[in-house]
Amino acid sequence: MALIATNFILRTDKRNKKGESPILFTVSVAGSRKKLSTGINILPAYWDDINKQIVYHNRKAAKALFPAYDFDMLFTEDDVKELNNQLNDLTKQANDTAQRFYLDKRSFTVTDIVSEISVLKRVIAKKEQPDKFLFDFIDRYIRDNEGKRQKGSLTVYKSLKKHLSDFQQTSKAKVTFDSINYAFFDKFQSFLLDKKMKVAGEERGLSNTTIAKQLSTLKTFLGYAQKYDIEVNDGYRKFSIKREELPVIALTENEFLTLYNLDLSDKQHRVNSYLDPTESISFESLAKARDIFCFGCATGLRYSDLASLKWNNVKGTELRIVVTKTKRPLIVPLNGYSSEIIKRYEDNARPLPSLSSQKFNRYIKELCCYAGINEDIEIVRFRGAKKIEDIYPKYELISAHTSRKTFCTLSLERGMSAEQVMKISGHKDYRSFQRYVNVTENIKRKAMQNAWGDPVPLLRKVSS
């Protein structure tokens with residue numbers, strides 16, 4: 001079944017001074033049609049309206065058809081081939097776009113299809129300024145990935161577009177695909193180091209971690225553009241990005257058990273919010289957040305998968321899901337903690353309570369504050385060469401992703417191998433897995449004792 005219908009129309013009623021007519025590309029979806037300029041103008045005698053293609057005329061035919069034209073100024077056989085390739089590419093792009101919508105189970109209109117292909121159409125027409133084309137292509141990347149990735153994960157590309165636009169305005173140099181080489185990355189990095197942004201009314205510089213993320217995102221975007229045959233300066237590949245290691249925030253065994261066993265049964269009880277002293281939060285809301293969070297700690301699932309969990313994902317003593325982020329199937333065995341949590345909701349429509357990501361992230365901070373998870377954590381960041389040291393109570397650093405990190409860390413502490421944990425969490429390579437693991441002193445102590453035996457108790461006092 002065809003998802004869309006496409007066609008090419010030669011507008012012989014609209015001719016330029018050379019007698020050439022424009023070729024329009026039409027897309028139809030569910031009875032609605034839109035026209036799109038291809039940017040190609042030809043003499044009508046070149047057009048084959050039956051096959052919807054441009055035809056080549058040799059010297060003899062051309063002299064008869066175009067007696068007033070210099071043959072050397074007419075289309076060569078290679079010109080005709082290239083122009084037809086451009087028309088075919090437009091048709092392919094329209095059909096591929098519709099197919100992506102279909103496979104992602106997203107409804108679409110003719111306007112959606114035309115919006116998706118308009119950026120690549122500009123490459124063919126060659127009418128757009130190179131700098132605007134790059135920024136339009138960032139918009140296209142965001143649109144292309146809206147149905148495939150979590151909404152928040154694309155905000156970094158919107159930030160990248162803003163930073164590049166500011167850089168272009170400051171440097172007075174157009175940002176184009178062919179201008180982004182090694183030297184560009186070096187200058188762009190310096191620009192980001194000097195840039196100030198207003199946060200809560202206060203001007204702050206970007207941290208090295210944020211800058212590294214922006215540079216990495218730019219590299220990802222350039223690679224994406226190359227897949228669509230955009231000519232990109234390969235010099236950027238030689239630029240190495242230095243990343244700082246931030247501490248992994250995960251709950252300890254005692255902190256996890258404190259949350260899991262916290263008595264939140266009194267539905268009338270409310271807790272004063274530390275984020276907003278004028279508000280209070282019910283025990284019922286905190287209990288929902290606690291159960292979702294602890295279930296994540298016991299399974300390693302991301303919040304997107306916790307939020308979409310259904311009873312048909314529960315198969316006996318295991319969960320069977322298709323991971324939202326990777327689109328890969330995953331089997332997660334249930335354990336004493338996770339099975340006990342979903343048992344609390346066995347009469348409900350879903351295995352876990354429902355909370356928006358914003359409320360969930362807020363409630364778990366409030367929950368951990370109420371539970372006394374307030375160890376001082378020092379976070380060291382750098383802005384350029386300047387060292388910035390901040391100390392936070394641990395509950396302020398807890399987020400939805402902390403549960404996944406806690407699962408990895410506590411699973412290793414409890415004796416599971418890295419390979420076993422990765423198989424459950426869905427990590428494909430150890431390098432990405434390692435970022436989520438907090439190798440605590442407890443892990444090192446257990447590993448040493450398992451390998452070499454328990455220490456012998458000392459009778460004498462050991463000087464500190």
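Predicted model: local features only at pLDDT ≥ 70, side-chain atom pairs only at ≥ 80, totals over all residues.
Residues are numbered from 1 along each chain as its sequence is written, and side-chain values use heavy atoms, with hydrogens and water left out.

I turn now to the aromatic rings. A pair of aromatic rings is described by the distance of the centres and the angle of the planes. Rings of Phe, Tyr and Trp (its six-membered ring) pair if their centres lie within 6.5 Å; planes under 30 degrees apart are called stacked, over 60 edge-to-face, and the rest tilted. Under this rule there are 24 aromatic pairs. One of them joins Tyr 141 and Tyr 157, a tilted pair with 4.4 Å from centre to centre and 35° between the planes. This pair links distant parts of the chain, as Tyr 141 belongs to helix α4 (residues 130–145) and Tyr 157 to helix α5 (residues 155–171), 16 residues apart. Helices here are DSSP runs (H or I, at least four residues), strands are runs of E (at least two), and both are numbered from the N terminus.

Are these two tyrosines buried or exposed? Tyr 141 counts as buried because its relative accessibility is 6%, and Tyr 157 is buried as well, at 4%. Buried means under 20% relative accessible area, exposed over 50%, and partly exposed in between (1.4 Å probe, protein chains only).

The pair of Phe 188 and Phe 191 is stacked, because the ring centres are 6.4 Å apart and the planes meet at 15°. Both residues lie in helix α6 (residues 182–194), 3 residues apart, which is about one turn of the helix. Phe 188 is buried at 0% relative accessibility, and Phe 191 is buried at 15%. Ring pairs also connect Phe 137, Tyr 141, Tyr 157, Phe 177, Phe 221 and Tyr 224 into a cluster.

By contrast, Lys 174, in the loop between α5 and α6, is exposed, with a relative accessible area of 52%.

Next, the strands. Two strands pair if DSSP finds at least two bridges between them. Strands β2 (residues 21–29) and β3 (residues 32–42) run antiparallel and are joined by 8 bridges. Pro 22 stands opposite Asn 41 in β3. Their hairpin has 2 residues between the strands, and Ala 30 takes a positive phi near 50° there.

Elsewhere, 3 strands form an open sheet in the order β10-β11-β12, with antiparallel pairing. Its edge strands are β10 (314–315) and β12 (329–333), each pairing on one side only.

Finally, two helices. The axes of α9 (residues 283–299) and α12 (residues 357–370) come within 9 Å and cross at roughly 100°. Axes are lines fitted to C-alpha atoms, for helices over the stretch in contact, and angles run from 0 to 180 degrees between N-to-C directions. The two helices, α9 and α12, are therefore roughly perpendicular, a term for angles of 65 to 115 degrees, whereas under 35 is roughly parallel, over 145 roughly antiparallel and the rest oblique.
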